[in-house]
Structure formats: C-alpha cells, structure tokens
Amino acid sequence: MTTAKPQPKPEPKPWIAQIHAYVPGKSKSASGQPLIKLSANENPLGSSPAALAALADAHVAADYPDPDARALREAIAQVHGLDPDRIVCGTGSGELLHCVVQALSGVGDEVLSSRYSFSLYPLLAHKVGAAAVFADDDGYAASVDNLLAAVTERTKVVLLDNPNNPVGTFLPPAEVARLHAGLPSDVLLVVDEAYGEYVDPALQHAAFELAAAHENVLVSRTFSKAYGLASERVGWVTGAPHLIDLINRLRGAFNVSVSGQKAALAAIGDQAFVAASREHNAAERERMAEAIAMLGNHGLSASPSEANFLLVHFEGEVTAAQALDALSDAGYAVRHLPSQGLPNALRITIGKSDDMTCVITALRTLCGEAA
Ligand SMILES: *Cc1c(COP(=O)(O)O)cnc(C)c1O
C-alpha cells in the first residue's frame with residue numbers, strides 16, 4: 001500500500017484564519033427547549049402592520065430588485081430631511097459598515113472603537129487584515145478623550161455605536177462633535193445609530209448634521225431594530241458623496257431584495273409604529289431599571305441605557321452565569337458576553353410587558369426576595 005502524499009489544501013490568508021464567525025443571540029436552552037429571545041434586541045412589538053401588508057403583497061420573484069433602491073432612498077430622505085443622493089442602502093447596515101472598513105483600511109491599518117462596543121466591529125477589521133484597536137471605556141461608556149488618545153497615524157476608521165451595544169450608553173451630540181473635531185480629517189468617523197430611533201427625538205438629527213457638514217463622517221441606520229424588520233436585512237448610511245461612491249463600488253449590486261425594499265418603504269411611512277415602539281421601550285426599560293436598582297443590595301446594577309436593552313451587572317453573591325441559567329429555566333434567552341470581557345453581566349433586551357414581569361420575578365426569586 002502506498003501512502004498518499006498529503007495534498008495541499010486551499011490556504012486562507014493569515015488574517016482570515018484568526019476570524020471567529022459572528023455569534024448571534026441564543027434562542028434555545030442547553031437542553032434544546034425553545035426560549036423567548038431577549039438576546040438579539042429585536043422589536044417585541046413585531047413589525048408595522050403596513051410593512052406586513054407590503055410583504056404579503058405579491059411581486060414577480062423572477063425579477064431583480066431596483067439596484068439603487070431609489071424609492072426607498074427618497075422616502076428615507078424625506079422623513080429625515082436628507083439628500084437621497086447622499087444615501088445608500090444595504091443588506092442590513094452591517095454590509096455598509098463592512099464596505100467602508102474595506103474601502104479605507106487593510107493590512108497595517110487600525111480600526112478604532114470603544115472597549116465595549118458592537119461585536120461585529122473587530123470582525124470587520126480582521127476581514128480586511130487591519131488591526132482592531134479598543135480605547136479604554138469610562139465606566140463601560142465610550143470616552144471621547146480615550147478614543148482621541150488612541151488615534152495613531154495608522155488609524156483609518158473610528159466606529160462609534162451610539163447608543164452603544166452592549167452597554168446602551170449614549171454620547172450626547174456635543175460629545176460626538178468633540179470626538180469628530182479632535183480627529184484628523186483623513187480619519188473616517190462612523191456613527192452607528194442602529195438604536196437611534198429609541199433616543200429622544202430632539203437629539204436624533206445631530207449626527208446627520210455632522211455627516212452633512214463634513215467629508216469624513218458617515219451615519220448608519222437600520223430597519224432591524226425599532227422598525228422591526230431584522231429578517232428583511234435593510235440598512236442605510238448617509239454621508240459625503242465621495243464616501244457614498246466608495247460604498248457603491250463595493251456593495252452587492254442587488255443588495256436589498258424586492259421584499260426588503262417594499263417592507264422598509266412601508267415601514268418608514270408608519271412613524272406611529274416607531275413612536276409606539278420607542279414609548280413601549282422607554283416605559284418597560286424604566287420599570288426594569290427600577291427593579292434592578294431594588295436588587296442593588298444583592299450586587300445587581302444596570303448601566304444607563306438609551307437603547308432597547310439593559311446591561312445588568314452582577315457583583316454580589318448571585319453571578320451572571322447563575323442568572324443566565326435561572327432566566328433560561330424561566331423560558332428566556334438573554335446575552336452573556338464573557339468573550340467581550342463582560343463575564344459578570346447580562347444584556348437583556350426589553351421585551352413585551354408580561355415577559356419583563358417574568359424576568360423581574362425570576363431575578364428577584366434568584367436573589368431570595370419575594371417575587
Ligand atoms: C443590531 C445592530 C446593527 C444592525 O445590523 P443590521 O445589519 O442592520 O441588522 C448595527 N449596529 C449595531 C451596534 C447593532 O447593535
């Protein structure tokens with residue numbers, strides 16, 4: 001018998017080999033039981049009825065979608081007072097974030113974000129061979145001073161999720177403007193406003209104004225969160241024409257499906273649904289934050305949040321791992337993020353009122369308090 005000589009396999013680039021695939025939120029217990037998902041920041045109110053009606057409407061599945069999503073861009077521009085030519089839509093905002101990182105950085109470059117920010121960011125840097133650099137936080141929140149101090153001549157892109165995921169903290173417009181003012185003009189600032197619709201409406205336009213006034217600012221939004229259309233994969237960015245042009249060269253040619261364009265177009269026309277989602281979220285987040293504060297003597301606390309989740313810290317006798325199990329036993333999946341340096345915290349999406357009551361009860365019981 002002859003031993004076959006080992007055949008060489010296709011070899012990945014070294015920077016690809018170090019990537020871990022994105023880990024999504026769980027929806028099953030260890031024993032395989034389906035759980036109610038409070039782990040992916042989805043909208044507990046579902047989707048706008050107008051969007052669902054648009055999805056139910058027949059279309060010719062054999063035809064390609066509009067490659068430029070013109071009707072959707074015009075509707076977005078009208079709602080936000082923007083120029084449709086300064087908008088590009090994507091397969092979720094994730095596709096667009098990937099395009100800008102790819103366009104501006106590569107091997108030897110740095111992509112900067114705050115210590116606790118969206119877990120996709122380091123993947124975006126690693127996919128193109130760039131280094132993901134993290135600036136120290138300030139009590140879990142992004143610190144403008146620390147971000148500016150971490151900028152080097154290799155820094156090409158700063159990714160700021162505002163509100164932040166997984167903490168939920170929000171940098172006020174003046175702080176974002178101070179961050180931008182401190183950056184060299186050839187470093188791109190991306191303000192990722194995936195949770196922007198949950199913020200006080202009076203503060204929602206500031207980043208758009210920054211992007212309209214400068215050549216090195218992009219703002220991203222998504223239909224995945226407050227619009228309740230995560231399954232349709234639609235996001236968009238706005239910024240200077242040269243940035244939009246870069247993304248148009250790199251994005252998928254027919255990146256937003258016909259159903260995605262139709263659903264998003266109907267959803268953006270239903271601002272009442274977005275307002276109802278914001279109000280439900282604010283009320284339930286407040287109730288949950290108060291319940292956590294009442295468990296402060298057991299070491300529980302929640303970071304301030306302007307998003308649709310709370311990051312709950314466990315610094316007493318009850319651990320985050322125990323709470324994760326107790327919530328799973330009660331039928332809920334929440335997000336434990338030890339791999340992001342948060343072994344003592346759980347990120348809990350604000351769900352339906354009944355579910356939040358059950359989550360509070362389970363945490364109180366675990367702490368030995370009367371339910
Ligand atoms: C959920 C989320 C997104 C949205 O991603 P899509 O690709 O649009 O679904 C973007 N940024 C942050 C920080 C998020 O948490």
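Start at helix H4 (residues 92–104), which gives the largest share of the shell around the ligand, 3 residues. Helices (H or I, at least four residues) and strands (E, at least two) are DSSP runs, numbered from the N terminus. The model is predicted: local features need pLDDT of at least 70, side-chain atom pairs count only at pLDDT 80 or more, and totals for chains, interfaces and linings use all residues. Residue numbers run from 1 along each chain as its sequence is written, and side-chain values use heavy atoms, with hydrogens and water left out.

**Stop 1: the ligand**

13 residues surround the ligand; a residue counts if one of its heavy atoms lies within 4 Å. The closest are Asp 192, Tyr 195, Thr 222, Ser 224 and Lys 225. Colour the shell by class: 3 residues are nonpolar, 6 polar and 4 charged. Here Ala, Val, Leu, Ile, Met, Phe, Trp, Tyr, Cys and Pro count as nonpolar, Asp, Glu, Lys and Arg as charged, and the others, Gly among them, as polar.

Now pick out polar contacts, pairs of N or O atoms within 3.5 Å. Which distance separates a ligand oxygen from an N or O atom in the side chain of Tyr 195? It is 2.6 Å. The side chain of Thr 222 also has an N or O atom 2.6 Å from a ligand oxygen. For the side chain of Asn 165, the distance from an N or O atom to a ligand oxygen is 2.8 Å. Taken alone, the ligand exposes 390 Å², and the protein buries 91% of that. Such areas come from the Shrake-Rupley method with a 1.4 Å probe.

**Stop 2: the largest pocket**

Pockets and cavities are found on a 1 Å grid over the protein atoms alone. A cavity is a set of points where a 1.4 Å probe fits but cannot get out; a pocket is an open set with protein on both sides within 12 Å along at least five of seven lines. Lining residues have an atom within 4 Å of a point. The ligand takes the space of the second largest pocket; a molecule sits in a pocket if more than half of its atoms lie within 2 Å of its grid points.

Move to the largest pocket, with about 830 Å³ of space. Select Val 23, Arg 335, His 336, Leu 337 and Ser 339, which lie nearest its centre among 35 lining residues. Helix H5 (120–127), helix H12 (320–329), strand E11 (332–333) and strand E12 (335–337) each give two or more residues to this lining. H12 gives the most, 4 residues. The lining divides into 16 nonpolar, 13 polar and 6 charged residues.

**Stop 3: the cavity**

There is 1 cavity of 30 Å³ or more.

**Stop 4: the backbone**

Which bond joins Asn 165 and Pro 166? A cis peptide bond, with omega about 20 degrees. Select Asn 162 and Pro 163 next: a cis peptide bond joins them too, with omega about -5 degrees. Pro 163 lies in the loop between strand E5 (155–161) and helix H7 (173–182), and Pro 166 is found in the loop between E5 and H7.

End at Asn 41, in the loop between strand E1 (36–37) and helix H2 (49–56). Asn 41 has a positive phi of about 60 degrees although it is not a glycine.

How values were computed. Polar contact = N/O pair within 3.5 Å; in protein donor to acceptor, adjacent residues only side chain to side chain. Points joined across faces, edges and corners; volume = space filled by probe spheres on them.
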